[in-house]
Amino acid sequence: DWMEENLGNRVSAETISSITDRVLPEIKAWKSRLLDPVYPIVWLDAIHYKVTDERGYAVTRAIYNVLGITKEGHKELLGMYISKNEGANFWLGVLTDLQNRGVQDILIACVDGLKGFPEAIVSVYPDAIVQLCIVHQIRTNSCFRVFTLTTIVLMKFIIPISKNTVDNPAAIILEVSKYPAISCCFSYRDRIVMPGDEAVMD
């Protein structure tokens with residue numbers, strides 16, 4: 001129905017089933033392929049989509065994406081995983097799958113501020129450095145809600161980040177650092193989590 005309404009083509013259920021049957025073995029092979037033993041940098045993040053479930057209802061699903069940089073400097077999509085929502089426990093399963101597929105070490109793991117995420121990473125890759133995303137911290141840090149007057153002043157810097165319309169987030173970080181009331185509590189969360197660090201996140 002969607003293809004007919006938007007593209008002017010109608011595809012029968014039999015055709016879709018035939019295409020799916022031919023593609024599924026390749027998808028399974030891709031998902032289980034062996035990976036490099038070491039990736040210098042890996043980004044781990046989930047994207048949320050609205051999909052129609054088996055009952056015909058619109059529901060939200062989380063697509064877990066793992067993007068790595070090889071030792072040769074090339075980007076490689078290591079895996080995509082689907083879940084009903086995002087959580088550190090599911091990420092632990094994703095990391096274990098990467099390990100089972102041959103990834104022995106990740107040097108730097110770039111993630112958002114999801115609670116328990118850094119702990120999940122270091123439990124599988126204890127020598128990994130976890131870099132917390134500064135942009136995510138600006139969006140969610142409670143300090144920006146506590147200091148009302150300062151927050152009003154900073155809105156001209158924060159709103160572009162929230163709308164993903166800023167070209168240089170680093171310049172905004174520099175502006176934020178000029179406000180002690182904000183920077184004093186922000187500086188803890190923007191730090192790199194080093195291997196063996198017990199105070200990963202509160």
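Okay, let's start with a definition: helices (H or I, at least four residues) and strands (E, at least two) are DSSP runs, numbered from the N terminus.

Before going on, what are we looking at? This is a predicted model, where local features need pLDDT of at least 70 and side-chain atom pairs count only at pLDDT 80 or more, while totals for chains, interfaces and linings use all residues. Residues are numbered from 1 along each chain as its sequence is written, and side-chain values use heavy atoms, with hydrogens and water left out.

About that pLDDT: it's the predictor's confidence in each residue, from 0 to 100. For the protein chain the mean is 77, and 64% of the residues reach 70 or more. Where does pLDDT stay under 50? One such stretch is residues 187-192, for which the model has 18 contacts beyond four places in sequence. Another is residues 194-202, with 23 contacts counted that way. Contact, by the way, means heavy atoms within 4.5 Å.

Now the overall picture. The protein chain has nine helices and six strands. Of its 202 residues, 31% count as buried. Buried means under 20% relative accessible area, exposed means over 50%, and partly exposed is in between, using a 1.4 Å probe and protein chains only. And if you take contacts between residues at least 6 apart in sequence, 53% of them join residues at least 24 apart.

Let's look at helix 2, residues 13-31. The expected span of a helix is 1.5 Å times one less than its number of residues. So the 19 residues of helix 2 should span 27 Å, and the end C-alpha atoms are 26 Å apart, which agrees. Helix 2 does have a kink of about 30 degrees at Val23, shortly before the proline Pro25. The bend at a residue is the angle between axes fitted to the seven residues ending there and the seven starting there.

On to the core. A nonpolar core is a set of buried Ala, Val, Leu, Ile, Met, Phe, Trp, Tyr and Cys residues joined through side-chain atoms within 4.5 Å. The largest one here has 26 residues, and those with the most contacts inside it are Leu44, Val66, Trp91, Leu95, Leu98, Ile121 and Tyr125. Which elements give two or more residues to this core? They are strand 1 (38-52), strand 2 (58-69), strand 3 (75-83), helix 3 (88-100), strand 4 (105-111), helix 4 (117-124) and strand 5 (129-132). In soluble globular proteins, nonpolar side chains tend to be buried together.

At 0% relative accessibility, Trp91 counts as buried. Leaving out residues up to four places away in sequence, Trp91 touches Leu44, Asp45, Ala46, Tyr64, Asn65, Val66, Glu86, Leu114 and Phe117.

That takes us to the rings. Rings of Phe, Tyr and Trp (its six-membered ring) pair if their centres lie within 6.5 Å; planes under 30 degrees apart count as stacked, over 60 as edge-to-face and the rest as tilted. How many aromatic pairs does that give? Three. In one of them, Tyr64 and Phe90 have ring centres 4.3 Å apart and planes at 35 degrees, so the pair is tilted. Tyr64 lies in strand 2 and Phe90 in helix 3, so this pair ties together parts that are 26 residues apart in sequence. Is Tyr64 buried or exposed? Buried, at 0% relative accessibility, whereas Phe90 is partly exposed, at 31%. Then there's Tyr64 with Trp91: centres 4.7 Å apart, planes at 70 degrees, so that pair is edge-to-face. Ring pairs link Tyr64, Phe90, Trp91 and Phe117 into a cluster.

Back to Ala46, as promised. Ala46 counts as buried, at 11% relative accessibility. Beyond four places in sequence, Ala46 is in contact with Ile63, Tyr64, Glu86 and Trp91. Ala46 and Asp112 are 66 residues apart in sequence, and their C-alpha atoms are 9.5 Å apart.

Last stop: Arg101, in the loop between helix 3 and strand 4. Arg101 is buried, at 5% relative accessibility. Which residues does Arg101 touch, not counting those up to four places away in sequence? Trp30, Lys31, Ser32, Arg33, Leu34, Leu35, Leu78 and Tyr81.
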